[in-house]
Amino acid sequence: MLGAASFGDWIGLLATGLFASAQFSNSAAQGAAFGGTIAVRLLPALLLGPIAGVFADRFDRRYTMVITDLIRFVFYGSIPVVALVGASPALVVTWATIATFVGETITLIWIPAKEAAVPNLLQHKSQIEVSNQLTLVTTYGITPILAALGLSALTAGVQHSGVALPDWAQPVQLALYLNALSRLATALVVFFGIREIGGKSAERQQAAEQSMFHQFLDGWKYIGRTPLVRGLVLGIFGAFAAGGVVIGAARTYATSLGAGEAAFYLLFGTIFLGLAVGIGLGPMIVKELSRRRWFGMNIVLASGSVMFLGLAFHLSMALVGALLVGAGAGMAFLAGTTLLYGEVDDAVRGRVFAVVQIGVRMVLLLAITLAGLLVGLGSSRRLDLGVASVDVSSTRVLLLVAGAVGIWVGIGSFRQMDDKKGVPILADLIGSVRGRPLAPPEEFVRTGVFVVFEGGEGAGKSTQVTRLADKLLAEGRDVVVTREPGATDLGGRIRGLVLDHSEDGPSPRAEALLYAADRAHHVATLVRPALARGAVVISDRYVDSSLAYQGAGRTLPVQEISWLSSWATGGLKPDLVVLLDVDPGVGLGRVGARGAGADRLESESKAFHERVRYAFLDLAAADPKRYLVLDAARPTDEIAAAVAARLADLVGEPPTPAPSAPATSGSSASPSPEASASGSPAAPSPETSGPVAPPSASGSPSAPGSSSKSSPSALEEMAEVLDLDETPKS
Ligand SMILES: Nc1ncnc2c1ncn2[C@@H]1O[C@H](COP(=O)(O)OP(=O)(O)OP(=O)(O)O)[C@@H](O)[C@H]1O
Ligand SMILES: Cc1cn([C@H]2C[C@H](O)[C@@H](COP(=O)(O)O)O2)c(=O)[nH]c1=O
């Protein structure tokens with residue numbers, strides 16, 4: 001029904017302009033009459049706009065809609081009738097102008113009442129977007145096109161048929177009757193068919209006891225003090241301003257492309273096409289992407305496309321730009337109104353929507369007018385730079401500046417409303433398009449430092465983990481040494497499943513899931529609690545191992561492994577990753593020298609380990625600030641010194657006075673849960689007995705669950721005495 005009414009509105013808008021211009025024979029007067037009636041249709045927004053929303057919040061919305069529609073029916077219907085009773089052209093146009101003005105003023109009360117009522121008809125918030133899509137596509141996409149086509153087909157049909165119709169049955173007159181009748185139909189449907197939107201909540205009842213002026217002020221205060229609503233309102237205006245600038249500059253811009261008059265209509269139509277495509281298909285494409293993020297992204301898209309238009313030198317490029325401007329603006333409007341529907345209380349919804357609807361009209365009008373004026377000030381100027389001279393057209397400069405301002409607004413609203421802070425934007429967008437949105441990082445107070453050692457087999461990770469832990473412990477810090485897989489009791493069992501040669505190994509996807517399961521449990525039960533209490537957590541392997549081994553090694557899609565790990569860890573990232581880069585031949589040679597046999601992964605091909613190595617290096621290159629890449633062929637002491645130097649900044653000054661040895665913590669002994677390379681289960685769970693040490697730096701594996709070591713290092717001693725509750729705190 002709303003679609004039909006919207007069709008009536010659009011056809012009425014065009015017909016009123018045509019009807020007024022048809023009253024004159026002189027082309028200048030025709031143009032003025034056409035433009036004047038259209039402007040009058042937009043003008044009431046300026047006058048009544050500010051208080052229109054108060055009606056929607058103050059009075060019964062059903063009656064408000066019915067009464068305003070009946071008034072519109074009478075006024076719109078009177079326009080063709082006045083001409084039929086033989087009034088002079090001047091009087092007909094004057095009456096058409098007055099009737100249009102009254103009708104549009106009344107529309108400003110009808111729209112917020114309708115907008116505020118719709119969410120109350122929907123059972124779930126998830127239906128809001130679909131309902132908005134339908135409304136926007138029909139209002140701004142389908143019905144204006146149908147109206148224009150319908151009217152021109154009717155006119156052309158009558159002309160070609162040669163039938164002489166009576167005055168009252170002329171196509172424009174018929175269109176005006178249709179406009180009026182569509183309002184009558186809406187009034188009847190709302191009155192008899194949508195009774196649910198009638199009545200008032202207790203909150204609205206209470207608010208209505210204030211004066212209208214007070215209620216009006218309250219609406220503005222609500223927008224001002226609610227950052228999300230403020231950001232949304234400004235963002236929506238920004239998107240429409242970008243569209244308005246393009247429309248205002250389109251005529252001269254089309255000429256600058258040397259594409260003639262037709263290019264103007266083409267560009268104009270393409271913006272509306274983009275609008276319809278964006279609103280219709282956008283949500284399907286981005287799926288579960290956060291609507292708050294999508295809103296800001298779309299403003300940037302629309303504005304960036306305006307800038308692109310400023311640089312386009314061929315009509316085909318300009319059409320792509322125009323399509324994207326429309327799509328960005330449409331999607332921003334959809335996301336913005338959907339968020340507003342969901343976030344704004346019923347009691348103030350009418351006023352907020354009045355500000356949006358009316359503001360959008362005013363911004364559009366202003367942007368179109370200003371852009372038209374500015375481009376009129378100068379066309380193409382030749383700028384002499386001394387060494388060379390360039391052509392600078394004011395239209396293009398305007399588009400570039402407007403686009404840049406729009407991008408600034410878009411980034412501002414993105415930052416203000418971002419509900420997934422810390423989640424990389426592009427990865428989030430790609431993940432959402434593929435149907436796997438990234439989760440926002442789990443929030444927790446993190447006072448500790450998280451250091452991870454990564455690298456291929458035998459790179460010397462365990463050796464360096466031990467060295468670093470010894471150093472930090474000697475400084476009296478709270479240190480937790482851990483590893484993946486197998487740091488927890490559950491992890492120990494998973495380690496057996498993924499590395500044990502004696503069993504049928506898991507398939508690549510199952511392997512990826514097992515490592516992710518180990519990681520999820522490890523992070524939740526050991527890493528996060530330690531970081532929360534301020535410990536330095538040193539892990540032998542973490543997420544990068546999955547990206548390198550399961551991603552590059554097993555050739556599973558790296559994005560998917562990344563998403564899986566991000567989900568498993570709740571987005572927890574290390575502060576520093578030390579990558580010990582080693583030639584696989586050298587590393588595997590060192591492992592072989594330990595004489596413990598190769599586990600399932602160590603037994604993989606040379607090519608597999610080469611892929612793993614380069615994947616690690618790629619990851620480091622992509623985020624150099626968080627990585628320290630060291631040549632693992634260097635002597636152990638040199639590597640340890642480089643790690644310590646890099647760590648100094650991260651961990652800060654050691655606590656004073658430094659306890660002389662870890663044993664001074666006086667914690668109960670807990671056997672090292674050394675897991676053998678064959679993947680035997682790790683011994684005691686760190687959830688109950690403290691952190692787990694990685695394999696002995698000496699490289700001599702101990703029996704599963706055994707606490708004894710052939711050559712105990714400081715780390716092994718530490719593992720025996722560390723207790724989560726009693727370690728020295730930094
Ligand atoms: N910089 C180095 N130069 C030469 N040998 C080293 C160096 N660092 C460690 N090693 C030796 O290489 C072997 C493997 O070291 P380590 O266990 O620390 O490596 P890793 O990366 O933890 O191995 P894994 O991949 O099995 O976890 C050990 O015997 C160790 O003594
Ligand atoms: C965390 C993690 C590890 N791996 C592989 C890498 C190694 O081959 C073993 C772990 O053995 P280590 O002696 O303890 O280094 O597991 C993996 O493939 N994916 C991962 O996420």
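**Close-up views of a predicted protein model**

**Figure 1. The whole protein at a glance.** The protein contains 26 helices and 7 strands; these are DSSP runs numbered from the N terminus, with helices (H or I) of at least four residues and strands (E) of at least two. This is a predicted model, in which local features need pLDDT of at least 70, side-chain atom pairs count only at pLDDT 80 or more, and totals for chains, interfaces and linings use all residues. Residues are numbered from 1 along each chain as its sequence is written, while chains are lettered from A and ligands numbered from 1 in the order in which they are written. Of the 730 residues, 48% are buried. Here a residue is buried if 20 or more other C-beta atoms, placed from the backbone, lie within 10 Å of its own, exposed if 12 or fewer, and partly exposed in between.

Figure 2. Take a look at the 18 residues around ligand 1: G460, K461, S462, T463 and R590 come nearest. A residue counts as near if its C-beta atom, placed from the backbone, lies within 6 Å of the molecule. Helices α17 (461–474), α22 (584–593) and α24 (636–651) each supply at least two residues of this shell, and the largest share, 3 residues, comes from α17.

**Figure 3. G455 and G458, two positions from a UniProt record.** An unreviewed UniProt entry lists G455, G456, E457, G458, A459, G460, K461 and S462 under "binding site"; positions follow the numbering used here, feature names are shortened, and annotations may be inferred rather than shown by experiment. G455 lies in strand β3 (residues 449–455), whereas G458 is found in the loop between β3 and α17. G455 counts as buried because 27 other C-beta atoms lie within 10 Å; G458 is buried too, because it has 24. Leaving out residues up to four places away in sequence, G455 touches K461, L579, L580, D581, V582, F616 and A632. With that exclusion, G458 touches V582, G587, L588, R590 and V591. Two residues are in contact if their C-beta atoms, placed from the backbone, lie within 7 Å.

**Figure 4. Inside the largest nonpolar core.** This core has 112 residues, and I236, A242, V245, V246, V306, V325 and A332 have the most contacts inside it. A nonpolar core is a set of buried Ala, Val, Leu, Ile, Met, Phe, Trp, Tyr and Cys residues joined through C-beta atoms within 7 Å. Apart from it lies another core, of 60 residues, among them V480, L526, A552 and V578.
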